Amino acid sequence: MANRLRVARLALGRYRPLGAAAEVSRHRKLDALIRRHLPGVTASLLAQPLPSGDGGFIDWYSDLAGQPVALSALAKEAQAEARALLDDRLTSLAALTERLEPVDPTSAARLREALSFPGEETVYVVGGQPVITVWGHR
């Protein structure tokens, strides 16, 4: 991620990871996997996690340009547009997990796990594009 924008800083203890926690190396692998099969903007859906220096938080970064805004803080029309993009990208990624399952079940399982997130309160919009923080958690 050449240009990184911090989208959010969230406390570690607030969410429980599904399997292995979202970590930098896992994000790199998922990002490369998604970009191999789908447009790069789809890969930008998953924010990059980086633990804070004090270890109490995870900072979530994006390579998109713009001001991060919580999905819930957008005007209704902008929320609807962002939700449509979010749903479309999640559908594309779920379809990718299905295609990967027979040939690479480990990658399919990791991607499926990453598509779980606590809810819309962890979704931000950057430059009109949805970005999920706290992916792989509940």
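Residues are numbered from 1 along each chain as its sequence is written, and side-chain values use heavy atoms, without hydrogens or water. In this predicted model, local features need pLDDT of at least 70 and side-chain atom pairs count only at pLDDT 80 or more, whereas totals for chains, interfaces and linings use all residues.

The largest nonpolar core has 36 residues. A nonpolar core is a set of buried Ala, Val, Leu, Ile, Met, Phe, Trp, Tyr and Cys residues joined through side-chain atoms within 4.5 Å. Buried means under 20% relative accessible area, exposed over 50%, and partly exposed in between (1.4 Å probe, protein chains only). Ile-34, Trp-60, Leu-90, Leu-93, Leu-111, Ile-132 and Trp-135 have the most contacts inside this core. Two or more residues come from each of strand S1 (5-11), helix H1 (24-37), strand S3 (57-62), helix H3 (76-100), helix H4 (105-114), strand S5 (123-126) and strand S6 (129-132). H3 gives the most, with 6 residues. Helices (H or I, at least four residues) and strands (E, at least two) are DSSP runs, numbered from the N terminus. In soluble globular proteins, nonpolar side chains tend to be buried together.

H3 has 25 residues. From first C-alpha to last, H3 reaches 36 Å, close to the 36 Å expected at 1.5 Å a residue. The expected span of a helix is 1.5 Å times one less than its number of residues. The buried residues in H3 are Gln-79, Ala-82, Leu-86, Arg-89, Leu-90, Leu-93, Leu-96, Thr-97 and Leu-100. They pack against H1, helix H2 (40-43), H4, S5 and S6.

H1 was treated likewise. Its 14 residues should span 20 Å at 1.5 Å a residue, and its end C-alpha atoms are 20 Å apart, which agrees. Val-24, Arg-26, His-27, Leu-30, Asp-31, Leu-33 and Ile-34 are buried in H1. Their cover includes H2, S2, H3 and H4. Ile-34 touches Thr-42, Ala-43, Leu-46, Leu-93, Leu-96 and Leu-111, not counting residues up to four places away in sequence. Contact here means heavy atoms within 4.5 Å.

S3 is mostly covered, with 5 of its 6 residues buried. S1 and S3 pair in the antiparallel sense over 6 bridges. Two strands pair if DSSP finds at least two bridges between them. Leu-5 stands opposite Ser-62 in S3. Strand S2 (residues 48-51) also runs antiparallel to S3, joined by 4 bridges. In S3, Tyr-61 lies opposite Gln-48, and Asp-59 is the bridge partner of Leu-50. S2 and S3 form a hairpin with 5 residues between them. Gly-55, in the turn, has a positive phi of about 80°. Arg-4 lies over the face of Tyr-61, at 4.5 Å from the ring centre. A charge sits over a ring if NZ of Lys or CZ of Arg is within 6 Å of the ring centre and within 35 degrees of the ring normal.

A further 3 strands form an open antiparallel sheet in the order S4-S5-S6. Strand S4 (69-70) and S6 are the edge strands, each pairing on one side only. S5 and S6 pair over 4 bridges in the antiparallel sense. Val-126 has Gln-129 in S6 as its bridge partner.

The whole structure holds 1 aromatic pair. The rings of Trp-60 and Trp-135 have centres 6.2 Å apart and planes at 70°, so the pair is edge-to-face. Rings of Phe, Tyr and Trp (its six-membered ring) pair if their centres lie within 6.5 Å; planes under 30 degrees apart count as stacked, over 60 as edge-to-face and the rest as tilted. Trp-60 lies in S3 and Trp-135 in the segment after S6, so the pair ties together parts 75 residues apart in sequence. Both Trp-60 and Trp-135 are buried.

Val-134 also lies in the segment after S6. Its phi is near 60°, a positive value in a residue other than glycine. Most residues other than glycine have a negative phi. Val-134 is buried, with a relative accessible area of 2%.

Glu-121 is placed in the loop between H4 and S5. At 45% relative accessibility, Glu-121 counts as partly exposed.
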